[in-house]
Amino acid sequence: VWARGHKNDTVMTQKSLENDDCDDAKSPLSSDQGTSNNNNELDNAAPRQLAQLYMVVSAKLRLSSLVAFLSARADKGERTVVFLSTCDSVDYHHALFTEMDPILGDRDDDKDDGATETTNGIFGRACPIYKLHGDIPHNKRQSTLKAFSNDHQQSAILLATDVAARGLNFPSLDWIVQYDPPCETKDYVHRAGRSARAGKAGHALLFLLPSERQYVEVLQLRGLQEISALSLSATLTTAAEVCPSLAREGEAKAAGNKFSDSRGEAFTSAIQNRLEQCVLQNDIDYKAAMEKKFKANKNDSKQGNKRRNKQKKKDTVGPLLEGARKAFSAFVRAYPAKEKAVRHIFNARALHLGHVARSLALKETPKMVSKGNNSNSNANGNGNLERKESAGGKGEKRKSRLAFGEQTTSSEKNNGDMGTIDDEEQDRNISLLGDAIGRASPGSFSSSKRSLQHGNKKFKPSSTGGGSGSGKDVQRRMMEAAMMMQAQEF
């Protein structure tokens, strides 16, 4: 069978055959699946020297697994870029990692002391940690890129959003870690393409939750066939060998636990405890510092300043704790923001919010996180959503049913504000309402609300008729008739 490019019954060359195969590959093969992407759109998009890996990690082990993986990279002197989904997440993880004490062995004893204090962190002075996202001023971004690029002779870590996914060339970059999956599948290749450039070897690792396993199949269907799994247990075991002190600490705490016999599990429990304690200690230290500041301003004679200081003291939260709450809210909001073809994989309802909070070194429950975040000046509105959902009782439900034309329940009729009326009374009410509307003035509705307090009584037509009576009686009969007609209709 001749290909489409054959013309005038001539013999096709190998070049024309290759062009026809490319055209056939570009034809839509899965239009019935409702996706706008072709099956092989990412075929040959990743370089051959790029090793693609993925690791399935539960939500509560994400942070400790990331630290374990980066510990091995720092111990080997490799350079890594970690991609996260939000700016708040980048800021928080950078602040947390730089606030932590070094966990590696005695690496720092063999290194010179020429490094500045800003390079200290969880991996010591030999592995500085940088951050990069769109909310950072341009001059600081330029200085960060310059510092990270100039340190290509030593280990370094860059925490970044997708602002670093395109157009940047990092020399001697060994690993790309996609801690949060990208919003679009094409961005996966752009992220991974920061490594394995100019013919050099590189590695790309993708973190996935157990509910996101299907994302690997999507990548394979679109042409990225050479992606394999990385063992989580092997990663944790390697980290335990690199950080023996943490492994011993975890083993000491799990001495009485018969089910914990792995050094990797010991490392996980120990590093998670240290991260959580770091957040709590930072909050305690910050509150103590603010307490001293408030005591220094205690002699302020102005009453307004005293009230403001008291309120600030009540709402004081440590920088790390506040950053963790922001990162939590930002993660939950950004999680389902994926392209349509993979949106069913990243379902926010499948998240265990308690485990998500634990992945940010938070001991608080998500509900407490939302309340605490709502009390700060930089609250993002998640608390308002919870209040809206919890606000209102039977009255709010009844309003919603009335708005959509649903029938009220028998219990609501018994407990409601209106009595029942029959068809004859409804006819009289209609005539009475028309007569009342004709007689009532436009400005008379403001005083009619006070007469609604009599709504519990069953409506009885006035014996004087619609043409007689004072203006207040007309208003009262009009409002009662209207409300009883509404109750009868709905």
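**A colleague's note on a predicted fold**

1. Ser172 is not a glycine, yet its phi is positive, at about 55°. Is Ser172 buried, exposed or partly exposed? With a relative accessible area of 30%, Ser172 is partly exposed, because buried would need under 20% and exposed over 50%.

2. Ala198 is placed in the loop between α5 (185-192) and β6 (202-208). The two residues are 26 apart in sequence, and their C-alpha atoms are 9.9 Å apart in space. Ala198 has a relative accessible area of 80% and is exposed.

3. Now for the overall picture. The protein has 490 residues, and 41% of them count as buried. Its secondary structure comes to 18 helices and seven strands. Among contacts with a separation of 6 or more, 75% are between residues 24 or more positions apart.

4. Strand β4 is worth a slow look. How many of the five residues of β4 are buried? Five of the five are, so the strand is largely enclosed by the rest of the structure. In a regular strand the side chains alternate between the two faces of the sheet. Here both faces of β4 are covered, with Ala156, Leu158 and Ala160 buried on one side and Ile157 and Leu159 buried on the other.

5. The neighbours of β4 in the sheet come next. Strand β2 (residues 79-83) runs parallel to β4 and is joined to it by five bridges; Arg79, for example, has Ala156 as its bridge partner in β4. Strand β3 (residues 129-132) also runs parallel to β4, with four bridges between them, and the bridge partner of Lys131 in β4 is Leu159. Together, β3, helix α4 (residues 138-150) and β4 form a right-handed β-α-β unit.

6. His94 has 18% relative accessibility and so counts as buried, the cut-off being under 20%. Beyond its neighbours within four places in sequence, His94 is in contact with Ile129, Tyr130 and Lys131, and also with Leu159.

7. What about the nonpolar interior? In soluble globular proteins, nonpolar side chains tend to be buried together. The largest nonpolar core here has 75 residues, and the members that touch the most others are Leu96, Phe97 and Phe123. Which helix gives the most to this core? Helix α2 (residues 62-75) does, with seven residues. Another core, of 19 residues, lies apart from it and includes Ala165, Leu168, Leu173 and Ala204.

8. The contacts of Leu96 reach across the sequence. Not counting residues up to four places away, Leu96 touches Leu63, Leu275, Cys278, Val279, Leu320 and Ala361. Ala361 has a relative accessibility of 2% and counts as buried.

9. Ala357, in helix α12, is another enclosed residue: its relative accessible area is 0%, which means that it is buried. Setting aside residues up to four places away in sequence, Ala357 touches Phe328, Leu362 and Glu364. Ala357 and Lys60 are 297 residues apart in sequence, while their C-alpha atoms are 7.9 Å apart.

10. Helix α9 (residues 263-296) has 34 residues and reaches 49 Å from its first C-alpha to its last, close to the 50 Å expected at 1.5 Å a residue. At the start of α9, a side-chain oxygen of Ser262 comes within 3.2 Å of the backbone nitrogen of Gly264. Helix α11 (residues 319-334) has 16 residues and should span 22 Å at 1.5 Å a residue; its end C-alpha atoms are 22 Å apart, which agrees. The buried residues of α11 include Leu320, Leu321, Glu322, Arg325, Phe328 and Phe331.

Conventions: Residues numbered from 1 in each chain as written. Predicted model: local features only at pLDDT ≥ 70, side-chain atom pairs only at ≥ 80, totals over all residues. Heavy atoms only, no water. Buried < 20%, exposed > 50% of the residue type's maximum accessible area, 1.4 Å probe, protein only. Helix = DSSP H or I, 4+ residues; strand = E, 2+ residues; numbered from the N terminus. Pairing = 2+ DSSP bridges. Right-handed = clockwise from strand over helix to strand, strands pointing away. Contact = heavy atoms within 4.5 Å. Expected span 1.5 Å × (residues − 1). Polar contact = N/O pair within 3.5 Å; in protein donor to acceptor, adjacent residues only side chain to side chain. Core = buried A, V, L, I, M, F, W, Y, C linked by side-chain atoms within 4.5 Å.
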